[in-house]
Amino acid sequence: MIKVLITDKLAKEGIDLLESMKDVEVVVKTGISEDELAQIIGEHDGLIIRSATKVTAKVLANPGKFKAVARAGVGIDNVDVKEATRKGILVMNTPGGNTLSAAEHTMALMLAMSRHVVPACDSLKSGAWDRKKYEGSQLNNKVLGVIGLGRIGMAVAKMAAAGFNMKVLGYDPLAVPPEADKIGVEITDKLERIFKESDYITVHVPKNEQTLNMISTEQIKMMKPTVRLINCARGGIINEDAAYTALAEKRIAGAALDVFLKEPPENTRFKEFDNCLVTPHLGASTEEAQIEVAVEAAQILVDALRGGPIRNALNAPSTAGAVPPLVSKYAELARRIGVLLSTIAPGHIKQVQVEYRGAIAEMPLQAVTLNFAIGLLQKHFDMPLNMVNTPVLAKERGISIDETKNPTPKDVASSFSAKVVTDTITRTVTGSVFGERLLRIIEIDGFSAEMTPQGAVVVIFNEDRPGVIGHVGTLLGKHKINICTMGVGQKLDQQKAVLVVSLDKTPDEETIEDLRKLDFVNEIFSCKLD
């Protein structure tokens, strides 16, 4: 028998599905402590959770026969995925189940703000009859700015365009889904257009270093005073302090927040404003969505435990040992090159090419290409990417990777090269593995520049002139940052150069800004490669 433990409230339909399976024993224990879960987890083959249960390293310390956990929902912040992977425990989620629910909640908040539904309701219940005070505005023909065109963002765009005749202006930091044009989304590669032209702005991006405080005081200053902001994605993408100040100073017409940096919020300051709606993270809280994710979580967990197909896995097994050691090294190199290109090639991805040259070209390379894709795309998604889900998510965004193999070496015995074409720039990075163990970047955009792709890395495209290395080294020293490795490449005919350095710690914004102010710097990028 397959023994499945459920520790959070799950829709009855999911439990019924499990109980209908003759080879499954269902155990429901909600509200248990971390200590109790740690004691009993090893007695079960699988676990189904929502957001309340914390699957920590302590819980996983003695896994016994425990093999897999399924999250009925998208976020897996409550699962120690790294520790689960180390223990060989599969982690899965149900990313599609709440798409329509979250999109509909976004539309509900837009409509409620536009027609002053909540304050008008409260007013009437208190005995008033004030129709003039609560005169609203229509969605028809208004401009909706959608930031993030993944599943939920596209669903919102489709509802707004087809159902309410809104003009949809879309922006996505990764790529443009192929169907965007079909549903009437006008794509822009400039966030400033979203801020300046929209009557409503809704965010549907993951929370990361690039999107935290994506909308703050500076961005709000660009907006119309009639704009309304909606956040049903992740707390902090719209800065809460900036939204509060904008409402207090009447710089925006309204805001609706379903998510917060800390949940539940520590204060209730937004209750001061009739034109601000707040809901307790209800995006996925519909009966239908909860049924769908419960049933899906039950099915994918049992399928995996039975040895069948693995779906929505968030931690694919390591490639180490499954492929030749050199291929494993190139897979790691490719992932780091992907991270680097995701940083130095901003804009919507239009084309991706990878090339293998030399001896590596004659080996099995699927793991290498997939690891490159993981590095390239990871920052654009909340969930961890792996060899299972990356191809699916890339396809959804219309991203494909053209792969070529040439056994004739160039410059070195073997190399991996990747080119990314966006709507703003084309970048190419080439790397190699020396002695079957040392990872190296050997070329960036035609500049020969060897360095170790490890830790914190800064890439500077600059004017080629004397003193560049000295100035950069001195400034980094001033900020107490050591240079670990350095690569310098020149194009003498163009008087251009590139300087690539790996550092002992990640430079802060002040350091990067000081470097940017150096008069020979054209472009500067910073990222962390491991």
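Guide: Helices (H or I, at least four residues) and strands (E, at least two) are DSSP runs, numbered from the N terminus. This is a predicted model, in which local features need pLDDT of at least 70 and side-chain atom pairs count only at pLDDT 80 or more, while totals for chains, interfaces and linings use all residues. Residues are numbered from 1 along each chain as its sequence is written, and side-chain values use heavy atoms, leaving out hydrogens and water.

Visitor: How many helices and strands does the protein chain have?

Guide: The C-alpha trace of the protein chain spans about 80 × 60 × 45 Å along its principal axes. Within that span, the secondary structure comes to 15 helices and 22 strands.

Visitor: What share of the contacts between residues at least 6 apart in sequence joins residues at least 24 apart?

Guide: A contact here means heavy atoms within 4.5 Å. Of the contacts in the protein chain whose residues are at least 6 apart in sequence, those joining residues at least 24 apart make up 67%.

Visitor: Is Asn 165 buried, partly exposed or exposed?

Guide: Asn 165 has its place in the loop between α6 (151–164) and β7 (167–171), and has a positive phi of about 55° although it is not a glycine. Buried means under 20% relative accessible area, exposed over 50%, and partly exposed in between, with a 1.4 Å probe and protein chains only. Since its relative accessibility is 45%, Asn 165 counts as partly exposed.

Visitor: What is the phi of His 281?

Guide: The loop between β12 and α10 (287–305) is the place of His 281, which counts as partly exposed because its relative accessibility is 36%. Although His 281 is not a glycine, its phi is positive, at about 55°.

Visitor: Which residue is joined to Pro 264 by a cis peptide bond?

Guide: Pro 264 is found in the loop between β11 (254–257) and β12 (276–278). The cis bond has an omega of about -5°, and the partner of Pro 264 in it is Glu 263.

Visitor: Which residues does Thr 452 contact, leaving aside its neighbours within four places in sequence?

Guide: Thr 452 lies in the loop between β18 (447–451) and β19 (456–463). Although it sits in a loop, Thr 452 counts as buried because its relative accessibility is 16%, and buried residues make up 51% of the 530 in the protein chain. Leaving aside those sequence neighbours, its contacts are Leu 439, Arg 440, Thr 485 and Ser 502.

Visitor: What distance separates the C-alpha atoms of Gly 31 and Lys 9?

Guide: Gly 31 lies in the loop between β2 (24–28) and α2 (34–40), and counts as exposed because its relative accessibility is 75%. Gly 31 and Lys 9 are 22 residues apart along the chain, and their C-alpha atoms are separated by 8.8 Å.

Visitor: What distance separates the C-alpha atoms of Lys 419 and Asp 35?

Guide: Lys 419 has its place in strand β15 (residues 414–422), and is partly exposed because its relative accessible area is 29%. Not counting residues up to four places away in sequence, Lys 419 touches Gln 351, Val 352, Gln 353, Thr 426, Arg 427 and Thr 428. Asp 35 is 384 residues from Lys 419 along the chain, and the separation of their C-alpha atoms is 49 Å.
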